[in-house]
Amino acid sequence: MKMATSSLAIVASLLLVVAQLPLGLTFSPAFLWSSHLNGNKEMVDYRILAPRDLAKSAMTEGGWSKYLCSSDEVQGSNNFAFLFIGSELQSLEVSSPAKTDPALIDLLKDSFSNSNSSVAFPYVVAGEEKVSIENSLISEFAETCQHTFGVGRIALVGSCSVDGEKFDKINNVGSVHDYLNSRIEKFPDGHTDLIVMCPGDSMFLPDSESSVLSQLLNAVNEMGAKYSFLYISDPSVEYLSHRGVERFLAEGTLGNVSSNSTGCDEVCEIKSSLLEGLLVGFVLLIILISGLCCMMGIDTPTRFETPEAS
């Protein structure tokens, strides 16, 4: 019985460890692309990255060190680095059949594949520090460049939360085009500006992220300025994984959702396979323990006496 008790304790410990694995962890994608920088083409970094690790990878693999740090490679033109903090996309939704915003995904994929240099980061998680993701990224950019941080101006669009006061404030998305034109006309060639966009839900109405992003890319291309773009969906937004439930509760009915919909997505399949494996393993372990207990309970004599000859 002691063996059975200890085995059950081991199984319980294994179940506890499995339950603590990051199966329910929300991963957000990030895409970096540029039509002017010479670097990696359609590279994918499959590591699980915190925001500060993402900033380091963007500076090295993505080539942003050429843009944000003082360098002769970007002199002779107006350069813009765009940091777009989204909130409408998860990593699972990039390849999921039920896309939340197909236009946004298609726009990101087209920009990624058609650019001269592009890097994808599919697994970005929220950092442990209690600061905004834009603040973590900008801080890491400055630390990576150290004393050669060569950004001319940093403009914050929308609800960005960044430590410091030396920033240009832009209240709405529509004013970004005028700001870019003023920077090109007022300042000579060779400078680089960092535009950080954190449009909240109220700023998107009636436009979506895909519409705002498309308008911004078209405006920069018409200006003829060189630019590099980093889109990241904020991994600290907790309501993303419950968006379907919230929409169902808000509608109060099934709406356009079919009542016969019983599909299982990728996360569901992973969890179901894991539970099936645990159940089979648990049953086999019980059979093994029962067999050992039965064998230990059999009272087999240690020797047999030979009968005496008459």
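A residue is termed buried when its relative accessible area is under 20%, and in the predicted model described here buried residues make up 38% of the 310 residues in the chain. The chain is built from 11 helices and eight strands. Among its contacts with a separation of 6 or more, 82% are between residues 24 or more positions apart. The chain exposes about 18100 Å², of which carbon and sulfur atoms supply 56%.

Just after helix 6, a positive phi of about 60° is found at Gln146.

Cysteine pairing was examined next. A disulfide is a covalent bond between the sulfur atoms of two cysteines. With a pair of cysteine sulfur atoms counted as a disulfide when they lie within 2.5 Å, the count for the chain comes to two. One of these joins Cys69 to Cys145, with an S to S distance of 1.9 Å. Since Cys69 lies in the loop between helix 3 and strand 3, whereas Cys145 belongs to helix 6, the pair ties together parts that are 76 residues apart in sequence. The torsion about the S-S bond of Cys69 and Cys145 is about -85°, and the disulfide is therefore left-handed. Both ends fall under the 20% limit for burial, as the relative accessible area is 13% for Cys69 and 4% for Cys145.

The other disulfide joins Cys160 to Cys198, with an S to S distance of 2.1 Å. Here Cys160 is placed in the loop between strand 5 and strand 6 (168–170) and Cys198 in strand 7, so that this pair ties together parts that are 38 residues apart in sequence. A torsion of about 100° about the S-S bond of Cys160 and Cys198 makes this disulfide right-handed. Cys160 and Cys198 are also both buried.

Cys293, by contrast, is in no disulfide, and the nearest cysteine sulfur, that of Cys294, is 6.9 Å away. Cys294 is likewise in no disulfide, its nearest cysteine sulfur being that of Cys293, 6.9 Å away. The separation of 6.9 Å is not within the 2.5 Å that a disulfide requires. With a relative accessible area of 30%, Cys293 is partly exposed, while Cys294, at 53%, counts as exposed.

A nonpolar patch on the surface is formed by Leu279, Val280, Val283, Leu284 and Ile287, which together have about 480 Å² of accessible area. Of these residues, Leu279 is located in helix 11, which covers residues 266–297. Leu279 has a relative accessibility of 56% and accordingly counts as exposed, the cut-off for that class being over 50%.

Key: Residues are numbered from 1 along each chain as its sequence is written. This is a predicted model: local features need pLDDT of at least 70, side-chain atom pairs count only at pLDDT 80 or more; totals for chains, interfaces and linings use all residues. Side-chain values use heavy atoms; hydrogens and water are left out. Helices (H or I, at least four residues) and strands (E, at least two) are DSSP runs, numbered from the N terminus. Buried means under 20% relative accessible area, exposed over 50%, partly exposed in between (1.4 Å probe, protein chains only). Contact means heavy atoms within 4.5 Å. Accessible areas come from the Shrake-Rupley method with a 1.4 Å probe; for residues, only the protein chains shown count as cover. Patches are made of residues with over 30% relative accessible area and no salt bridge: like charges are joined within 9 Å, nonpolar side chains (Val, Leu, Ile, Met, Phe, Trp, Tyr) within 5 Å. A salt bridge is a side-chain nitrogen of Lys or Arg within 4 Å of a carboxyl oxygen of Asp or Glu.
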